[in-house]
Amino acid sequence: MDKTVNQKAWFLVLPVFAVVAFSAILPLMTVVNYSMQDTFGNNQFFWNGVGWFKELLDPSTDLGSRFFASLWRNLFFSAVILAIEVPLGIVIALSMPTKGWTVAACLVILALPLLIPWNVVGTIWQIFGREDIGLLGYVLNHIGIPYNYVANDIDAWITIIVMDVWHWTSLVALLCYAGLKSIPDAYYQAAQIDGASRWSVFTAIQLPKMNRVLLIAVLLRFMDSFMIYTEPFVVTGGGPGNSTTFISIELVKIALGQFDLGKAAALSLVYNLIILIVCWVFYTVMTNAGIERPQKEGVA
Amino acid sequence: MARIDLVDLAHSYGGNDAAPESFALKPISMTWRQGGAYALLGPSGCGKTTLLNLISGIVTPSRGKILFDGVDITLRSTRERNIAQVFQFPVIYDTMTVGQNLAFPLKNRGVPKAEVDKRVAEIARLLDLTADVNRKATRLTADAKQKISLGRGLVRSDVAAVLFDEPLTVIDPELKWQLRSKLKALHRELDLTMIYVTHDQTEALTFADTVVVMHDGRVVQSGTPAELFEKPAHTFVGYFIGSPGMNIIAAEVKGREARIDGHTITLNRGYDALPAGAKVEIGVRPEFVEVTAPTPGLLTAKIDRIDDLGRIRFARVRVGDVKFAARVPAAFAPSEGCVGLKFDPANVHVYADSRLVEGAA
């Protein structure tokens, strides 16, 4: 088909371009501007070139050490919640009913945590875990298990991980359930005929058919957990010490706590870049994994 | 390898208490002999897939029993029945190569590796898949995928029966012929009981020794292709098999004569004992009605059109309001308007309430 050349079509793109310019490009450019300068009171700015970036990527400096510490912390957090939520979500999806009123009931129950605003989730767990009035904290301490997420690093981590699993496993489960529902009955019947065990049905049919939704689930959960802010901020405020200070929390501390706009801008640009790269890698993997390429010459 | 007996087998998806008329499969009793090539023929929704799934054990019957070599297996699982089944659309295991797909049913049953390799190589050779054995199965076309499904059905040599559920739906017409003759050759070679479900009469008649015709949840006739053609036991069989189907005409039958539209046709046999009050029809295949020039003493008809099928021509004619199909002899050049219809008395059958009545000689 021949394409018609019509330069007037640019006018149709113009409104979107204007909106994106004001909502994304201009703010981003101010961040780029800040990242090159040092700020003092009275709105005084001094040119600093790539100084902040050098400092940020050098772990021996204060800024660099804080950045890398929170980066590793954040990556570790993402790895742990993925390792728990993905298998757990698959198991939940597999054990869900496939017909009858129980399906609707299960779906509603699963969707509930997803509907709760993030700071409410944080508040729920903040109170739930308190040793004086929280059901969880009180019961644990009462039966002889010392638990205090305000004072103990490990307790704080466990609380935040359990909270994230509680909040987000449903998403993985729902996606997997949708993937499972799309498998035609004939596959299960054929597996039955072929004498496949329950485990082979899982590895040979269900898992391969779920791989696309699983990729999406992993991508969503990774991005969300890598950008996590509200829930740990509400529960632990990044503490005890710095033990649950993730990148976004560190960023807010630098930008709004210390009012170091230059350092914060440099950090947020690098943070943004990491997210873009991860997105690109996932996108490439997904588009390649999803395509089936039938090859004609193989057929007699 | 086994003889399969169905004893009063019936199934309803609505449960055993559903009304008898709503049963997907009405009670049947029949025997499938070991080594037979059967086709289960009927229109969509006639219960043929239900019957197949009952035999393979995917569906448990509401009533009745299934025996393999005299042993009741009604409640046994598919796996225990040792049945192979090929489905309408290709089912392949995405992560495996073609060879691993073919080996899967054998591996699951703990067949030794040497034996597995031998069988896989043999089946791949029979289905022309040898070149693709090490390729990922997902990368192949629908045709090739369906061949893998067929291969998985055939790879086990000890199965009680191989069931095919319209397996060639997705295959190109050209390849369809090849694969069908291949299946037939495999049947002779492997001495397997094969049951082939289809709604395509050509497929059924070319594949099977015995064709079982189903209609509305019942088996209406089971016989060789020639029997179905020459002596349909039910008007449905006459109409469904053959192209064009049998002419079924309401008639008054008395002794050796049938009256249509005030005209008398001589019959080969005597029909004095027709059930009282039954709906009486005569059935005659278009191949046995000849169009001639209008002659006194012959039934007169008006020509609607002539279908030229290449080696044979059929005239679509009309007697009053009744439509007929009739053969046009090679030498006959039909002129406008009216023709005479000449019936072959040996091939005119009488049906009472849609069922064939055997006349007295």
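Which residues of the largest nonpolar core touch the most other members? Keep that one in mind while we get our bearings. What you're looking at is a predicted model, and the predictor gives the complex an ipTM of 0.76 and a pTM of 0.75. For chain B, the mean pLDDT is 85, with 99% of the residues reaching 70 or more. That's worth checking, because where pLDDT is low, the predicted coordinates should not be read in detail.

Let's start with chain B as a whole. Its C-alpha trace spans about 80 × 50 × 35 Å along the principal axes. Of its 361 residues, 42% count as buried. Take the contacts in chain B with a separation of 6 or more: 66% of them are between residues 24 or more positions apart.

Now back to the opening question. The largest nonpolar core has 82 residues, and the ones touching the most other members are B:A39, B:L40, B:A161, B:I195 and B:Y196. Helix α3 of chain B, residues 98-108, supplies the largest share of this core, with five residues. Apart from this core there's another one, of 24 residues, including B:A258, B:L267, B:I282 and B:A325. In soluble globular proteins, nonpolar side chains tend to be buried together.

Setting aside neighbours within four places in sequence, B:A161 is in contact with B:A2, B:I4, B:I83, B:L192, B:T193, B:M194 and B:I195. Two of those names, B:M194 and B:I195, belong to strand β8 of chain B, and that strand is our next stop.

Strand β8(B) is part of an open sheet of six strands, in the order β6-β7-β8-β3-β9-β10, with mixed pairing. At the edges sit β6 (84-86) and β10 (218-223), each pairing on one side only. From one strand to the next, the twist averages 15°. What holds such a thing together? Strands of a sheet pair through backbone hydrogen bonds, either parallel or antiparallel.

You can follow that pairing on both sides of β8(B). Strand β7 (residues 162-165) runs parallel to β8 (residues 194-198), and four bridges join them. B:V162 has B:M194 as its bridge partner, while B:L163 stands opposite B:I195. Then there's strand β3 (residues 37-41), also parallel to β8(B) and joined to it by five bridges.

Is β8(B) enclosed or open to the outside? Five of its five residues are buried, so the strand is largely enclosed by the rest of the structure. In a regular strand the side chains alternate between the two faces of the sheet. In β8(B), B:M194, B:Y196 and B:T198 point one way, B:I195 and B:V197 point the other way, and all are buried.

Helix α5 of chain B (residues 142-154) lies across β6 and β7, running at about 165° to β6(B). B:A84 lies in β6. Why does B:A84 count as buried? Because B:A84 has 23 C-beta neighbours inside 10 Å, and 20 or more is what it takes to be buried. Leaving out neighbours within four places in sequence, B:A84 is in contact with B:G153, B:L154, B:R156, B:V159, B:V162 and B:L163, and also with A:I193 from the other chain. The C-alpha atoms of B:A84 and B:V155 are separated by 9.0 Å, though the two residues are 71 apart along the chain.

Chain A puts in 22 residues and chain B 28. On the chain A side, the elements giving two or more residues are α8 (185-193) and α9 (198-226), and α8(A) gives the most, with six. By class, the chain A side has 11 nonpolar, seven polar and four charged residues.

One last stop, further along chain B. Strand β16 (residues 299-308) pairs with β19 (residues 338-343) in the antiparallel sense over four bridges, with B:A301 partnered by B:V339. β16(B) also pairs with β17 (residues 313-319), again antiparallel, over six bridges. In that pairing, B:I306 has B:A315 as its partner. β16(B) and β17(B) form a hairpin with four residues between them, and in the turn B:G310 has a positive phi of about 95°.

Conventions
Residues are numbered from 1 along each chain as its sequence is written. Chains are lettered from A and ligands numbered from 1 in the order in which they are written. Two residues are in contact if their C-beta atoms, placed from the backbone, lie within 7 Å. Ala, Val, Leu, Ile, Met, Phe, Trp, Tyr, Cys and Pro count as nonpolar, Asp, Glu, Lys and Arg as charged, and the others, Gly among them, as polar. A nonpolar core is a set of buried Ala, Val, Leu, Ile, Met, Phe, Trp, Tyr and Cys residues joined through C-beta atoms within 7 Å. A residue is buried if 20 or more other C-beta atoms lie within 10 Å of its own, exposed if 12 or fewer, and partly exposed in between; C-beta atoms are placed from the backbone. Two strands pair if DSSP finds at least two bridges between them. Axes are lines fitted to C-alpha atoms, for helices over the stretch in contact, and angles run from 0 to 180 degrees between N-to-C directions. pLDDT is the predictor's confidence in each residue, from 0 to 100.
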